[in-house]
Amino acid sequence: MKTMWLLGPARLSVLSALVIACGGGRSHDATPTTASTAASTPDSACFALASATHPAQPNAPEKVSVKHVLVKWSGAKNPVPTATRTREEACLRALAARDALRSGTDFDAVVTTYSDEPGAVSRNGSLGSVERKALVPAFADVAFELAPGEFSDIVETDFGFHVIMRTQ
């Protein structure tokens with residue numbers, strides 16, 4: 001499985017924020033940003049990563065097949081009774097799910113361990129084949145830029161934090 005790597009100026013700022021949050025050196029961005037102050041805690045670095053913009057790709061297919069892990073928090077849209085965690089805790093939990101995937105854990109096992117979406121385990125996180133217009137914009141922008149077999153960094157929507165994998 002391939003991992004989506006951070007590229008481009010907007011994503012480099014997110015990468016810089018993560019390096020600083022993890023105790024790394026100074027940012028090497030050509031333009032100063034507030035990333036060093038915004039990323040003073042792991043949860044703020046997580047939020048920066050989850051809210052990174054992903055412009056729509058010009059040659060994207062009409063439909064993609066995707067799976068996802070959804071980590072909810074108590075204030076998310078359509079909350080589930082078991083999701084009593086804070087937004088910060090949910091972001092960090094989604095980051096842990098992404099890290100499990102990066103370390104080679106099977107996607108279905110990550111869904112079983114981390115996803116709060118009702119029914120996700122029985123369908124292995126699959127949303128099937130979907131059109132862009134059927135998805136919220138932040139989710140769609142990431143799902144449609146992935147290559148088949150590739151999974152994303154974390155993405156925040158009104159429903160919570162996602163890790164998305166394109167299957168076709």
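## Exercises on a predicted model

**Exercise 1.** Which charged end sits over the ring of F144, and how far is it from the ring centre?

*Solution.* The structure is a predicted model. Start at the ring of F144: the charged end of R132 sits over it. The distance to the ring centre is 4.9 Å. Now apply the cut-off: the CZ of an Arg must be within 6 Å of the ring centre. Next, turn to ring–ring pairs. The count of aromatic pairs is zero.

**Exercise 2.** Place D43 in the fold and find what it touches.

*Solution.* First, locate the residue. D43 belongs to helix α3, which spans residues 42-50. Then list its contacts, leaving out residues up to four places away in sequence: E88 and L92. D43 and L92 are 49 residues apart along the chain, yet their C-alpha atoms are separated by 6.5 Å.

**Exercise 3.** Describe the largest pocket by volume and lining.

*Solution.* Take the volume: about 200 Å³. Take the lining: 14 residues. Nearest the pocket centre lie H68, L70, E117, F159 and H162. Sort the lining by class: eight nonpolar, four polar and two charged residues.

**Exercise 4.** Where is the pLDDT below 50?

*Solution.* Begin with the whole chain. The mean pLDDT is 76, and 70% of residues reach 70 or more. The stretch below 50 is residues 1-39. Beyond near neighbours in sequence, that stretch has 51 contacts in the model. Where pLDDT is low, predicted coordinates should not be read in detail.

Technical notes:
Residues numbered from 1 in each chain as written. Predicted model: local features only at pLDDT ≥ 70, side-chain atom pairs only at ≥ 80, totals over all residues. Heavy atoms only, no water. pLDDT = per-residue confidence, 0-100. Contact = heavy atoms within 4.5 Å. 1 Å grid on protein atoms, 1.4 Å probe; cavity = no way out; pocket = protein on both sides within 12 Å on 5 of 7 lines; lining within 4 Å. Points joined across faces, edges and corners; volume = space filled by probe spheres on them. Nonpolar A, V, L, I, M, F, W, Y, C, P; charged D, E, K, R; others polar. Phe/Tyr/Trp six-rings, centres within 6.5 Å; stacked < 30°, edge-to-face > 60°. Lys NZ or Arg CZ within 6 Å of the ring centre and 35° of its normal. Helix = DSSP H or I, 4+ residues; strand = E, 2+ residues; numbered from the N terminus.
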